[in-house]
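User: I am new to this structure and would like to learn how to read its features one at a time. Could you show me the general idea behind each feature and then the case here?

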Amino acid sequence: MKSLPDLSVELAGLTLKNPVMTASGTFGYGEEYADYIDLSKIGAIVVKGLSLEPRPGNPPPRIVETASGLLNTIGLQNIGVKVFVKEKLPRLRRFEVPIIANVYGETVEEYREVSEILTESGGCAALEINISCPNVKKGGLSFGLDPDAAAEVTREVKRVTDLPVVVKLSPQVMNISEMARAVEAAGADAISLINTILGMAVDIHTRRSRLSRVMGGLSGPAIKPIALRLVWEAVRAVSIPVIGIGGIATAQDAIEFLIVGARAVQVGTANFVDPQAIEKIIEGLRGYLAQKGLGSVKDIIGTFEGE
Amino acid sequence: MGTFETRVHSNREVAPGHYVLSLALPGGYPVPAPGQFVMVRLGVGSDPLLRRPFSIHQFHREKEGARLDILYRVVGRGTEIMSRLKRDAEVITSPPGGTGFHIPVNIKRICLVAGGVGVAPLVYLAQSFYRERGKGEIFSYVGAKTERDLLCLPELKRVSSRLTVGTEDGTAGFAGLVTEALKEDLEEVLTDQTAIYACGPRGMIRALAALLNQKPVFCQVSMEERMACGIGACLSCVVALKGREGNMYYGRVCVDGPVINIRHVIFEEER
């Protein structure tokens with residue numbers, strides 16, 4: 001009998017048992033899913049974005065469904081990094097899955113302080129720096145639209161941590177390659193993309209936004225082709241690993257990202273549709289490799305043949 | 001225990017635009033507490049994308065498996081698709097979720113306040129209370145915009161000691177809001193062994209909160225908000241609630257609710 005295909009990948013100094021992670025903001029602090037899925041089977045868990053102090057988030061309604069998509073304006077509601085480190089992280093560590101903390105700040109200083117606390121606490125495998133959240137007034141996306149600002153945040157975080165630093169990029173830029181190169185030059189160990197795409201939905205009876213804010217971030221299968229294109233461009237621009245995100249709901253979706261060169265992928269909105277989606281994607285990926293007679297997932301990463 | 005494959009047993013229109021979807025559940029499906037909800041997936045593709053939450057309207061154990069009823073009003077794409085489900089169609093359903101109604105041990109009388117399709121979880125609550133505390137009394141206040149939107153009157157009549165009906169247009173029963181009907185009876189309804197349970201439009205909940213403001217009565221409401229994951233992770237379905245120190249926070253309808261003490265709800269004008 002042939003052995004099962006090897007799904008493990010190396011990513012910024014980490015060895016992941018498979019390349020399928022959760023996307024920040026869609027998997028809570030991990031334990032919410034523990035009743036539905038064996039967390040130790042996941043490549044890595046990326047937790048909800050953490051700020052220095054707790055944030056209440058935006059008023060409801062925070063979501064509206066659109067065609068094959070989901071618009072959200074959660075507004076980074078979170079318990080704050082200190083409570084996370086004290087209460088959530090010890091519980092999460094029992095699950096034997098790498099934890100990647102997603103870091104958010106309104107200022108460069110806040111990014112640095114949150115990163116420092118997470119580094120000193122121990123227990124995180126890496127940091128993902130969120131410079132791409134579209135739903136907050138300050139920070140977030142404002143750092144993600146300007147390559148110089150993005151580079152500055154990356155450099156400052158790198159100064160205070162020895163953990164691998166993943167910088168999560170926004171699709172709202174004219175030139176993703178320039179942005180990817182800017183954070184690579186500033187010391188990023190990997191990049192992940194895409195965060196949500198700004199969108200709108202209007203109630204035709206009240207003529208008001210269907211969200212509590214005018215705009216929200218679009219996620220879900222609707223954005224996958226755009227995400228795939230941006231990941232492909234980013235892969236060609238940098239030599240650090242790229243993590244593909246955007247509308248991945250099936251193993252086939254994940255495989256497409258791997259083929260264009262993503263070293264790993266993150267599954268987001270699909271977790272809401274089916275709490276076991278990640279497990280199914282990992283199994284589907286293994287089945288695909290077995291069917292193709294491939295011994296390792298590395299045999300498909302970056303094998304895109306073009307037109 | 002993630003999801004269950006269930007089958008449509010029946011799906012019938014019980015009032016204009018209102019349906020009862022009855023799902024045949026496999027054995028091993030957990031018995032829900034009144035007030036809990038289920039997430040229902042309405043397709044296999046990506047449109048509609050998200051599962052939809054519905055409060056549990058009725059639940060019966062059967063020889064094999066069980067039956068779960070959902071009472072719903074067609075309000076959008078999801079419920080429109082749902083209304084076209086035929087017998088034997090497969091429906092992926094979550095286990096019961098959220099926090100249900102709590103009836104303190106000293107309570108001898110429950111008073112139900114229902115607005116429109118909000119009557120759905122209160123019927124299950126009334127039937128459970130009737131079965132388990134046969135000597136208790138149930139006072140039901142059921143309101144709707146107009147007579148033909150009044151729901152579940154036979155079911156409630158069977159178990160209620162008193163049933164009061166109200167319509168906003170006066171086509172049946174008390175003419176006006178159901179909370180106004182309750183206001184007229186309030187002194188008589190309230191004893192120190194009465195608890196109130198409500199579900200309905202936000203305006204009804206707000207009026208009820210104002211009515212009970214100074215009364216030392218236990219009152220829980222079932223809340224509604226757009227929901228994505230249904231398990232507490234996505235922070236979509238939040239409502240503004242009062243914390244222990246009177247601070248405002250956004251609680252999740254899916255795990256902190258859907259049943260919430262009415263005194264913890266913060267209404268828009270209080271923010």
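User: How many residues of chain A are in contact with chain B, and how many residues of chain B take part?

Analyst: This is a predicted model, in which local features need pLDDT of at least 70 and side-chain atom pairs count only at pLDDT 80 or more, while totals for chains, interfaces and linings use all residues. Residues are numbered from 1 along each chain as its sequence is written, and chains are lettered from A and ligands numbered from 1 in the order in which they are written. Two residues are in contact if their C-beta atoms, placed from the backbone, lie within 7 Å; here 30 residues of chain A are in contact with 22 residues of chain B.

User: Which elements of chain A give two or more residues to the side that touches chain B?

Analyst: Helices (H or I, at least four residues) and strands (E, at least two) are DSSP runs, numbered from the N terminus. On the side of chain A that touches chain B, the elements giving two or more residues are β5 (63–66), β6 (69–72) and α8 (270–273) of chain A.

User: In what order do the eight strands of the open sheet in chain A lie?

Analyst: Two strands pair if DSSP finds at least two bridges between them. In chain A the order of the open sheet is β3-β14-β13-β10-β9-β8-β7-β4, with parallel pairing. Its edge strands, each pairing on one side only, are β3 (20–22) and β4 (45–46) of chain A. Two bridges join β4(A) to the parallel strand β7 (residues 99–103) of chain A, where Ile99(A) is the bridge partner of Ile45(A).

User: Which domains is chain B divided into?

Analyst: Domain bounds come from an automatic or database domain assignment, and for chain B they give domain 1 (4–93), domain 2 (101–222) and domain 3 (224–271). The contact between domain 1 and domain 3 of chain B takes seven residues from domain 1 and five residues from domain 3.

User: What is the hand of the crossover from β9(B) to β10(B)?

Analyst: A crossover is right-handed if, with the strands pointing away from the viewer, the path from the first strand over the helix to the second runs clockwise. In chain B, strand β9 (residues 137–144) and strand β10 (residues 162–167) pair in the parallel sense over six bridges. The chain passes from β9(B) through helix α3 (residues 153–159) of chain B to β10(B), in a right-handed β-α-β crossover.
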